[in-house]
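These are my notebook entries on a structure that I had not examined before. I set down what I looked up, one topic at a time.

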Amino acid sequence: MSASSPADLEVLAAAVVERARRGEELEVYVARSRDTEVRAFEGEVESLSVATSAGVGVRVLLGDGQAGARLGFAWAGSLDQAVVDAALDEARDNARFATPDPDLVLARPDGVAAATLALHDESQAAVPTERKVALAIDLERRVRGADPRIRQVSSADYGDDEVEVALASTTGIRAHTLRSSAFMSVSAIAGEGSDTQTGTGFTVGRSTAALQPEVAADDAVQRSIRMLGSRKAASGRVTVVLDPRVVSTLLSVISSALSGEAVVKGRSFFADRVGEAVAVPALTLVDDPTDERALTAARYDGEGLACRRNVLVGEGVLAGFVYDTVTARRAGTRSTGSAVRGGFAGTPSPGCRALQLSPGTLDQAAIIARVGEGLYVQSVSGVHSGVNTVSGDFSVGVEGLVIRDGALAEPVREVTVASTLQRMLQSVLFVGSDVTWLPGIAAGQTLAVGEMQLSGE
Amino acid sequence: MSDQSLIEPDVLRKVLDAALARGGEAAEVFAEDRQSMAASLDDRRVEELSSGRDRGAGIRVLVGDTTGFAHTADLSEQGLLAAAHAASAVARQGGRAVRTVALPPPPGATDRTWTLPERVGKAAKLELLARADDAARAAGAAITQVQASYGDSRRRFVVASTDGVLAYDDQVRTRLGVVCVATGDSGMQTGHETVARTEGFEIFDRVDVGDIARTAARRALSKLSARPAPSGEVPVVLAGGSGGILFHEACGHGLEADHIVKDSSVYRGKVGELVASPLVTLVDDGTVGGEWGNFAVDDEGRPAGRNVLIENGVLTDYMWDWLRARKEGRLSSGNGRRQSYQHLPMVRMTNTYLLAGTEDPAEVVAQTPHGVYVAKLGGGQVNTATGDFVFGTTEAYLIEDGRITEPLRDANLIGNGPEVLRRIDVVANDFDMTPGTCGKDGQSVPVGCGQATLRITGVTVGGTAA
């Protein structure tokens, strides 16, 4: 980092932990990040943002004898000593008001060693701002010039960041990580007559050098152009072939029902079903943050335990859930090293980081050929409003292309597809071989699902 | 600390000068101090009380069509000058712009009388959650889980620009939400209800948290016997206050000037044209007493306004922020908002609502032979360039022979903005508003939505019932 050596954050976290009082456990999470964002528009820089930010989150557990402990939390967007002190005091005060709970404990080192992962690209710090600006402008130009039907590029962005985190606790946790990432994304608007369609493309990596702007540009162009002339389709039962991006979204949604917290609190449709066939045998789902290919790969979880590979669904059978320390105790099991937290302002809860389906043998074209008749879904909308991971109800807006005679045909828009998550897992026809590493907590690959209800005209 | 002392005016002047030291047409400093508190009761336990504090400043420099932006958590003069220097990196002309920044005198203190969050004991806030939990669980034996959450925030800021803006605001927001899970033979269902106001703790003098909890519980319980929603195009009646999100998505986003300028809105070039049913008069209004999207001044220092966007079906104007208005040589409409000092402002809605009509809401249902009655909508999403949007139901019923009958499972509805606006054929007189959180380009801001009971002659319901 620019202003300090990585050791500083660890020292800072450990120093706060030293101040624990008798009868109190303390956990301190400190983070610092630096990021650059460039947006290009009509050949110019629309905006250039350069910023550093830092903050602290403190959890205090006050012992309350047989009743367990009370938890208080406070955070602040600064690492100034006075601000950190105030956060510690505030967390202590908050703890006085919480309900005592015997399951409430901080994580303790569990003997699992953290994987050695290359998450930080040293070359990134040397990339000049001019280079980043040039990449964004070039991305816009590339999309604009790709096809006469591209009418506008509503955004062409370059961004990168470097994030350093240190975590320390009175229970012996000491974790430190440094990671870098870079991305480019672009939104294209294609037009023909009065018809307008949109498409997005992106590329991500751990450094500027790892980005593939040509892939992002091509994706945005193709996805917008092939939707030109799209119209509503007739309602009916269909087999859908989901694009890898859609599958990544779908897996992210399903993962909230695989959280140990949802299970112990009676909010998951998977509760009490471990050992049962919840999906077709072709489906194996693993959360593996130690797989370096995942951009979300991590050495430590949000409580400082080593991340590890967890099988969630094995050949269609529900194998287990992801847990952090507290939810594991409630469920009578051990943490799976799956605590996630939303930066210094968040507290840990169990979650998946790097989901992957075991690849099948067919690529997308082969799956489309096998399906024969159906709907290829390029993108979905309304996932947060139309998917309920408690009931399993699933209804999303989609756009895509008709599959006819085993090939892509005319485009379709303004329709929904619906089912339930439970039924969809049992109706998977093919899992693609085309694993694609995407931003977000799940890899993408093509998936064919039968028996979906299409709503249109 | 008083609002006015977040940064002294003479420091603001120096920082603005520094921001233009390398050239540029305009600069702006936005400094913010936000304190927040959140508590949740889940699974019968107060699991966590959380307090947050965020202070910092964001500095913008405009050079031609380019914006340079930097932010810092260091509000000292030195820290601010460093951020001004970083933001000015986009100005490469090299020539030092000599200009004296004239700022107006600071406005007088506001006289709002809300009960500040920091004046209320934590125990009193938690007591609300316990009451909500009790009320929800008492609503029926099938209620198997209750999560009640409380949050409040106080956000003070000062914003100054070389266009002569110097403005302050002190925004207090208070929120309480309940989510219930009901379990029956057919599985689990959820129900939500939230109260959220740009006011202080005094809202609980008139809002009964028991009512909030019972509403959430009722929604979950009613869906236990729900049948799958229909699939295909049907008439839809939206209950008053249930679905202002329809207008937020169907046209609100498309009327934001940034989308217009970039030709990514179906409403571009349509001012003066009939874009909706003549029954539609749509207003965006940051001044409606206490609503979730309210403020005294926006995050660029413009007073909140009441802006008529569509009048009797005719598009009258878009919503504007400083940047886009400046380019057009007009004033911002008070719609420049940002999530925090770490974000660039954008054109954002405040409270967006459809003016009430004259019909009796019961008559609207009675005159609908067959369709779907939506009692509560969840979130939604729109593609402003195509106008296609979705919104999800969280409480809906079948309408059969002019009567509300069976409950329906959750589903998304899909439509095209301009088309759906033309298909509104009745608006009733039972206006109400609901709070929401609007996400755009990675930033979230509180907004309000409102409408009276209305009917859309046809919209596609994305259920599973063939």
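What share of the contacts in chain B with a separation of 6 or more is accounted for by residues 24 or more positions apart? I found 75%, a contact being two residues whose C-beta atoms, placed from the backbone, lie within 7 Å.

**Entry 1. Conventions.** I note that this is a predicted model, in which local features need pLDDT of at least 70 and side-chain atom pairs count only at pLDDT 80 or more, while totals for chains, interfaces and linings use all residues. Residues are numbered from 1 along each chain as its sequence is written, and chains are lettered from A and ligands numbered from 1 in the order in which they are written.

**Entry 2. Chain B as a whole.** I listed 9 helices and 21 strands in chain B; helices (H or I, at least four residues) and strands (E, at least two) are DSSP runs, numbered from the N terminus. The radius of gyration of chain B is 24 Å, close to the 23 Å that the globule rule gives for 466 residues, so chain B is as compact as a globular protein of that length. This radius is taken over C-alpha atoms, and the globule rule is 2.2 Å times the number of residues to the power 0.38. Along the principal axes, the C-alpha atoms of chain B fill a box of roughly 75 × 55 × 35 Å. I also looked up burial: 59% of the 466 residues in chain B are buried. A residue is buried if 20 or more other C-beta atoms lie within 10 Å of its own, exposed if 12 or fewer, and partly exposed in between, with C-beta atoms placed from the backbone.

**Entry 3. Chain A as a whole.** Chain A has 10 helices and 18 strands. Its radius of gyration is 24 Å, close to the 23 Å given by the globule rule for 457 residues, so chain A is as compact as a globular protein of that length. The box filled by the C-alpha atoms of chain A is roughly 70 × 55 × 35 Å along the principal axes. Buried residues make up 56% of the 457 residues in chain A. Of the contacts in chain A between residues at least 6 apart in sequence, 71% join residues at least 24 apart.

Entry 4. I followed strand β4 (residues 150–169) of chain A to strand β5 (residues 174–192) of chain A; the two run antiparallel and are joined by 17 bridges. Two strands pair if DSSP finds at least two bridges between them. Glu164(A) has Leu178(A) in β5(A) as its bridge partner. The hairpin of β4(A) and β5(A) has 4 residues between the strands, and Gly172(A) takes a positive phi near 95 degrees there. β5(A) also pairs with strand β6 (residues 195–205) of chain A, in the antiparallel sense over 11 bridges. Ser185(A) has Phe202(A) in β6(A) as its bridge partner.

**Entry 5. A hairpin of chain B.** Strand β5 (residues 166–184) of chain B and β6(B) run antiparallel with 11 bridges, and a hairpin joins them through 2 residues. The bridge partner of Cys180(B) in β6(B) is Gly191(B). Why did I record strand β6 (residues 187–197) of chain B as largely enclosed by the rest of the structure? I did so because 8 of its 11 residues are buried.

**Entry 6. Where the chains meet.** How many residues does each chain bring to the contact? Chain B brings 65 residues and chain A brings 61 residues. On the side of chain B that touches chain A, strand β2 (residues 45–63) of chain B gives the most, with 12 residues. I also found that strand β3 (residues 69–76) of chain A pairs with β2(B) in the parallel sense over 5 bridges. Ala76(A) stands opposite Arg53(B) in β2(B).

**Entry 7. Helix α4 of chain A.** Helix α4 (residues 213–225) of chain A has 13 residues and reaches 18 Å from its first C-alpha to its last, close to the 18 Å expected; the expected span is 1.5 Å times one less than the number of residues. Among its buried residues I noted Pro213(A), Asp219(A) and Ile225(A). The buried residues of α4(A) pack against α3 (129–144), β4, β5, β6 and β14 (374–381) of chain A.
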